[in-house]
Amino acid sequence: MADTAILVPAAVLLVWTMVMFVWMLVHRSMLFRQHGIRLDKMPPGAIGRDIPRTAPDAKDWVAQNYNHLMEQPTAFYAACVILSLGGATAYDAGLAWFYVVIRIAHSIWQARVNVITIRAALFVVSSLALALLSVRALLSVLG
């Protein structure tokens, strides 16, 4: 029987990702208006990273963070599912919650302040938590 407690932090991070998606849409809309960026004037195939060429002082940090939530957290989701099937402990659930809290802090920091040293520290701490969670996932299914 699957342990659903370990899936709760994964579901929270999933919902947080959708919060960042909405934040990105609102922020980009305001950013485009503020900098006079018109989608119909963008070159064919333009993507988010082309915005600084159009508006060099535009800070598209919210969108950058949304993209980050499509990267490393995918391994987190897999670890949570594996732990759910393999038997998660209270330690695993605590570690998953720790990862989620740090990723949310990382999102808010990157979207609002974006001082790289702090952002990098948050990333490293969350990465270490994910590495440990990944090993725990492997051990849960090995026996």
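Colleague: Where is Leu133 found?

Modeller: Leu133 sits in helix 6. Helices here are DSSP runs of H or I with at least four residues, strands are runs of E with at least two, and both are numbered from the N terminus. This is a predicted model, where local features need pLDDT of at least 70, side-chain atom pairs count only at pLDDT 80 or more, and totals for chains, interfaces and linings use all residues. Residues are numbered from 1 along each chain as its sequence is written, and side-chain values use heavy atoms, with hydrogens and water left out.

Colleague: Is Leu133 buried or exposed?

Modeller: Leu133 counts as buried, at 0% relative accessibility. Buried means under 20% relative accessible area, exposed means over 50%, and partly exposed is in between, with a 1.4 Å probe and protein chains only.

Colleague: Which residues is Leu133 in contact with, leaving aside neighbours within four places in sequence?

Modeller: Those are Phe76, Ala79, Leu83, Asp92, Leu95 and Ala96. Contact means heavy atoms within 4.5 Å. For Leu95, which is 38 residues from Leu133 along the chain, the C-alpha atoms of the two are separated by 6.9 Å.

Colleague: Stepping back, how many helices and strands does the chain have?

Modeller: The chain has 6 helices and 0 strands. The C-alpha trace spans about 60 × 30 × 20 Å along its principal axes.

Colleague: What percentage of the residues are buried?

Modeller: Buried residues make up 37% of the 143 in the chain. As for contacts with a separation of 6 or more, 78% of them come from residues 24 or more positions apart.

Colleague: Now helix 3. Which residues are buried there?

Modeller: Helix 3 covers residues 61-68, and Val62, Ala63, Asn65 and Tyr66 are buried in it. Seen down the helix axis, these buried residues fall within an arc of 160°, so they line one face of helix 3. That arc is taken from the directions from the helix axis to the C-beta atoms.

Colleague: And what do the buried residues of helix 3 pack against?

Modeller: They pack against helix 1 (7-35) and helix 5 (90-112).

Colleague: Where is the place of Asn114?

Modeller: Asn114 lies in the loop between helix 5 and helix 6 (116-142).

Colleague: Does it count as buried or exposed?

Modeller: Asn114 counts as buried, with 10% relative accessibility.
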